[in-house]
Amino acid sequence: MKVFIDNLFRWLEQKSLYVYNQRREVITCRFLRRDILSDSLSASLQDYLESIYELRETLGVVRVTDLAQKLNLSKASVSQAVSQLSEKGLVTQELYGPIELTLDGEIEAKKVIETHQKIYLFLTEVLGVDQKTADQDACLIEHVVSETTMEKLCEFMSEYTKEK
């Protein structure tokens with residue numbers, strides 16, 4: 001396992017994605033490629049990131065209890081998902097402490113939220129879908145829509161809002 005991790009760090013540095021210090025802490029993050037994280041995250045884990053981000057914005061600090069309540073899940077389920085996010089380097093959490101997004105976690109959460117918002121606007125403003133249905137549908141679509149389709153949707157919405 002150690003050999004795999006060492007090779008992974010070397011590969012990331014070669015691709016100019018990250019520069020690490022001796023303790024494997026990120027010194028700089030040059031950019032985050034969508035294909036490295038987004039495609040490897042399940043819809044469920046993306047929802048967790050989105051919820052952590054939203055709770056942090058409203059509460060300031062996110063605890064497992066808050067996240068479990070928001071997602072209507074057990075604390076055990078939330079703890080397991082937080083562990084998976086931590087393994088992927090998207091969140092940090094000290095034992096029984098608050099959940100914090102890493103830089104990569106923040107970027108991923110914002111991507112999910114922005115995608116949701118763009119789809120929601122398209123559904124409500126262009127198609128005339130009611131707000132509740134549009135919110136539910138946007139939540140489902142945001143996890144499966146390709147980057148190409150999102151780019152086209154953004155282009156369309158730019159033109160559409162100019163015409164209005």
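Author: Asn 72 is exposed, because its relative accessible area of 69% is over the 50% that the term requires. The model in which this value was computed is a predicted one. Asn 72 belongs to the loop that lies between α4 and α5. Its backbone also deserves attention, for Asn 72 has a positive phi of about 60° although it is not a glycine. As a rule, most residues other than glycine have a negative phi.

Helix α4 covers residues 64-71 and helix α5 covers residues 75-87; their axes come within 9 Å and cross at roughly 110°. This angle falls in the range from 65 to 115 degrees, and α4 and α5 are therefore roughly perpendicular to each other. Their crossing is right-handed. On the side of α4, the contact is made by Val 64, Thr 65, Leu 67 and Ala 68, and on the side of α5 by Lys 75, Val 78, Ser 79 and Val 82. Sorted by class, the residues of this contact comprise five nonpolar, two polar and one charged.

Val 62 is buried, because its relative accessible area of 2% is under the cut-off of 20%. Val 62 and Ile 52 are ten residues apart in sequence, while their C-alpha atoms are 6.6 Å apart in space. If residues up to four places away in sequence are left aside, Val 62 touches Ile 52, Leu 55, Arg 56, Pro 98 and Ile 99. Ile 99 brings the account to strand β4, which spans 99-101.

Tyr 96 lies in the loop between β3 (91-93) and β4 (99-101). Its phi is near 65°, again a positive value in a residue other than glycine. At 75% relative accessibility, Tyr 96 counts as exposed, since the value is over 50%. Thus Asn 72 is an exposed loop residue, and Tyr 96 is likewise exposed and in a loop.

Although its side chain belongs to the charged class, Asp 104 is buried, with a relative accessible area of 13%. Asp 104 and Gly 89 are 15 residues apart in sequence, and the distance between their C-alpha atoms is 7.2 Å. Thr 115 also has its place in α6. At 15% relative accessibility, Thr 115 counts as buried. Leaving out residues up to four places away in sequence, Thr 115 touches Glu 142, Val 145 and Met 150.

Helix α6 also packs against helix α7 (residues 131-141), at an angle of about 140° and with the axes 8 Å apart. The crossing of α6 and α7 is right-handed. From α6, the contact is made by His 116, Ile 119, Tyr 120, Leu 123 and Thr 124; from α7, by Gln 131, Ala 134, Asp 135, Asp 137, Ala 138, Cys 139 and Ile 141. These residues divide into seven nonpolar, three polar and two charged.

Cys 139, one of the residues in that contact, counts as partly exposed at 26% relative accessibility. Cys 154 also counts as partly exposed, at 25%. A search of the whole structure finds zero disulfides.

The protein chain has eight helices and four strands, and from the N terminus on its elements run α-β-β-α-α-α-α-β-β-α-α-α. Buried residues make up 32% of its 164 residues. Of the contacts with a separation of 6 or more, 50% are accounted for by residues 24 or more positions apart.

Notes:
Residues are numbered from 1 along each chain as its sequence is written. This is a predicted model: local features need pLDDT of at least 70, side-chain atom pairs count only at pLDDT 80 or more; totals for chains, interfaces and linings use all residues. Side-chain values use heavy atoms; hydrogens and water are left out. A disulfide is a pair of cysteine sulfur atoms within 2.5 Å. Buried means under 20% relative accessible area, exposed over 50%, partly exposed in between (1.4 Å probe, protein chains only). Axes are lines fitted to C-alpha atoms, for helices over the stretch in contact, and angles run from 0 to 180 degrees between N-to-C directions. Helices (H or I, at least four residues) and strands (E, at least two) are DSSP runs, numbered from the N terminus. Angles under 35 degrees count as roughly parallel, over 145 as roughly antiparallel, 65 to 115 as roughly perpendicular and the rest as oblique. A crossing is left-handed if the near helix is turned anticlockwise from the far one by less than a right angle, and right-handed if clockwise. Contact means heavy atoms within 4.5 Å.
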